[in-house]
Every structure is written in structure tokens, then in C-alpha cells.
Number of protein chains: 2
Amino acid sequence: MTTAKGMATRARIVEAAVDRLVVGGVANFNVDEVLHTTRTSKGQLFHYFPNGKDELCAAATERQVDRLLATSRSERLDNWQAWDRWVDATVRRHEQQSRDDACQVAAMAGRVLDTEPGLRSLVAQAYERWAGQIAGDLERMRADGLLRADAPVDDLASTVLAVLQGGAVIDKATGSHDHLRRALHQA
Amino acid sequence: MTTAKGMATRARIVEAAVDRLVVGGVANFNVDEVLHTTRTSKGQLFHYFPNGKDELCAAATERQVDRLLATSRSERLDNWQAWDRWVDATVRRHEQQSRDDACQVAAMAGRVLDTEPGLRSLVAQAYERWAGQIAGDLERMRADGLLRADAPVDDLASTVLAVLQGGAVIDKATGSHDHLRRALHQA
DNA sequence: TCAGTTCTGGACTGTCAAGTCCAGAATCCT
DNA sequence: AGGATTCTGGACTTGACAGTCCAGAACTGA
């Protein structure tokens, strides 16, 4: 049984945890920092998350996955113009945030995957759903005759996703990689 | 001035460090463990690496990058049969090592990138060289007429690399993803 | 051989972060 | 109002791990 105030506090903590998690991953994630930025205390942390750090991380990951899927669902990539726009936007976003975690899913994935298997399945689920979305869009394009009738929609979706993730990783080490995504268009 | 014995000890430490680093990344990397598995002591670590952990990590990363580039250079992917074989081998390798770090570069990258910018540039260099190798192979294929004359070799190389990296990340969360690489072949 | 150098072991210190505990404030319910 | 419940703050304990220090063993070269 928790009051409205309690819920709010809990939410504040989770929110701050997501931020820290996206930036530094589980490894560089420290509870005190979250507590400090939210101006809460140890007591509260363990009040809302009896299992401490682990439980908080799980909650934060879940929250983040939900958030990401919600935003990615907002775009409909069912025609070439939309794709072009999306590619441009993505590349631009990557350029802006330059070194720092252009793709948040990739960021999460790379960092979370080393730890709890529980979190791992959350991330897996996110990928599957995302791939499903893309495949759905491509399916529609095929129905509209924008794609060859024998186009392997699922494979293409996987490829898009992989390029996106891989590109994010490589970007992080190198510089800009527009060509990565341009190469996709020939599929 | 170091003796042969000293060199050997140093090498042993670096070698063990690479193993730990590949498995757990800088974050989960702990010096005592390396010392224990190599049956060496604090004294030796700081004898050979006056700057401690950081210096050891740098040395280990460098070592690993060298190793990886050396092995990847051994394969010549300049015809479709070779590609097919390579894809099969890669997928099989991923399946075997299943959850555990199929692609070691990806593993390194994901984990090392969060830390020292010095290490980052090492990884970047590894990527660039690798991409260069692939592009070279493709170039040869184009010259042999196996690829269309107007094929954007560099873009393709980047794509292959990105798919490989992204696939590794996604694999780690999910299951097998053969189609990823198969989709590549249509380029 | 033996003085000088390099190598090795391990006890010790300092720091940082996770988790515990409990007293007191705020809030809820009747 | 007032007892029960929930929320909050922060001191304290514990543990892990990086890094220090130095004594003594092993090796080198003359």
C-alpha cells in the first residue's frame, strides 16, 4: 500500500536512475548519485526497492524500454520519403550527440547485457518488438508495390536493426557513418 | 631495463588481463583476480604497470586489437564461395558461444568505449583497418566482375561491419539471427 | 664470488559504494 | 482528534578493491 506521494517519490527515483543508466550503464551506476540528484535518502531507496540496486536497475530498464518503444512507434515508415527522412534524422541525431550515445537502445543494450539475465530478456523483448514494427512497415510497402513481391521482409527488418545498432557502436568509436544507412536503401 | 623473466611475467599478466577484459569489460575487471589467476602479486603489477589498472587495461586492449586484426587478416573474402563459408562459420561460431560474446570486437567495443578516450581511439583504429580489409576484398571482387562495376565498395564494407557488430549485440539479447547476414548477400 | 639490479610476495591503508537500522515527520483513516 | 501506517533522513556497518610499501629472493655482469 503506497500513497500518491510515495508513488511520486518512487517515480522520481526511477526517472533519475534511467538517466544515469543510459549514460553510464549498470557498471558505472551508483545509487548515492541518484539519491543525491533526487534529494532522497538511503531509507527511501530501500523502502521502495527492498532489493536495492538490482531492483532499481530492473525498474529503470523496464521504464526505458517502454519509453523507447513508445517513441519509435510514433513514426510510420511505410514509404520511401518517410524512410529518407528517418535516415536523415537519425544520422543528424547521431552527429549531434556525437560521442555520447546516439542510439539509446544500443547504449542500454551494450551495458545492460553483461549483467542480470532478467534485464537481458527485457532488452531482447524490446528488440523483437522493434523488429516487428519495422517488418510491419515493410510489409505494408510491399503490399503497396513499393517493394518487390518476393522481398524477404523479416530479413530486411533484421538487417535494418542490425545496421542501426552496429552503426551506433562503431560511431561511438569513430566519426560519422552516413553511408551505413545509405547502403541499406538498395535492399 | 627488464630481464627475459620479467618480460615473461609481464606478458602473462597482460594475457590474463585480456581474457578478463573480453569477458567482463573494464567495469567488471578486477586486478586481484588477474593477479590470482597468474599467481602473481600486487608488487609485480605495479612493478610492470606503475599506473596500475589503467595502464594494464590499455596494454591489454592494445594486445587484443592486434590479435584480432591478425586473425581476421588471415581470411581472404574475394569470391562468393569464400563469403558463404565465412558467413556460415561466423553464424556457427555465434551459435556455439551462444550468449557469451560471439564477436570479441563487439564485446571489447561495447565495454571499453565508456571509459578512457585513449582506448577508444585504439578500437576506432581497429574498426577502420577492418573496414579497409573488407573494402579491399570487395574491390578485388569488383575487378573480377563478381560485383557490379558501380558497386559502392566502401559503403558495402561499412554495412557488413555494422551488421556484424549489430548482429552480435542483438544476438546477445536474443537467439540466432542467420537472416541478418543472408540479407547482406543481396547488396 | 659478490655488489648491484630486478623480481616477487603479501601485509597494510584508504576510499568508495551498497546495504542496515531506526527515530521522527508526514499522511491517512475513522 | 489520534492511532496506525507510510515516508524520510542520515548515521553506521560491511565489503570490495585500488594502490602503497618494504623486505627478501632471484638474477645479472664483472
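Helix α3(B) gives the most to the surface near DNA strand C, with 4 residues. Near here means a C-beta atom, placed from the backbone, within 6 Å of the strand. Helices are DSSP runs (H or I, at least four residues), numbered from the N terminus. This is a predicted model: local features need pLDDT of at least 70, side-chain atom pairs count only at pLDDT 80 or more, and totals for chains, interfaces and linings use all residues. Residues are numbered from 1 along each chain, while chains are lettered from A and ligands numbered from 1 as written.

In total, 23 residues surround DNA strand C, and the closest include A:Lys42 and B:Gly43. Elements giving two or more residues to this surface include α2 (31-37) of chain A and α1 (4-24) of chain B.

Two sites compare by class as follows.

| Contact of α1(A) with α4(A) | 9 residues | 2 residues | 1 residue |

Ala, Val, Leu, Ile, Met, Phe, Trp, Tyr, Cys and Pro count as nonpolar, Asp, Glu, Lys and Arg as charged, and the others, Gly among them, as polar.

The axes of α1(A) (residues 4-24) and α4(A) (residues 52-73) come within 9 Å and cross at roughly 85°. The two helices are therefore roughly perpendicular (65 to 115 degrees). Axes are lines fitted to C-alpha atoms over the stretch in contact, with angles from 0 to 180 degrees between N-to-C directions. Among the residues that meet are A:Val14 and A:Leu21 in α1(A), and A:Leu56 and A:Arg63 in α4(A). Contact means C-beta atoms, placed from the backbone, within 7 Å.

Methods: Parallel < 35°, antiparallel > 145°, perpendicular 65-115°, else oblique. Contact = placed C-beta atoms within 7 Å.
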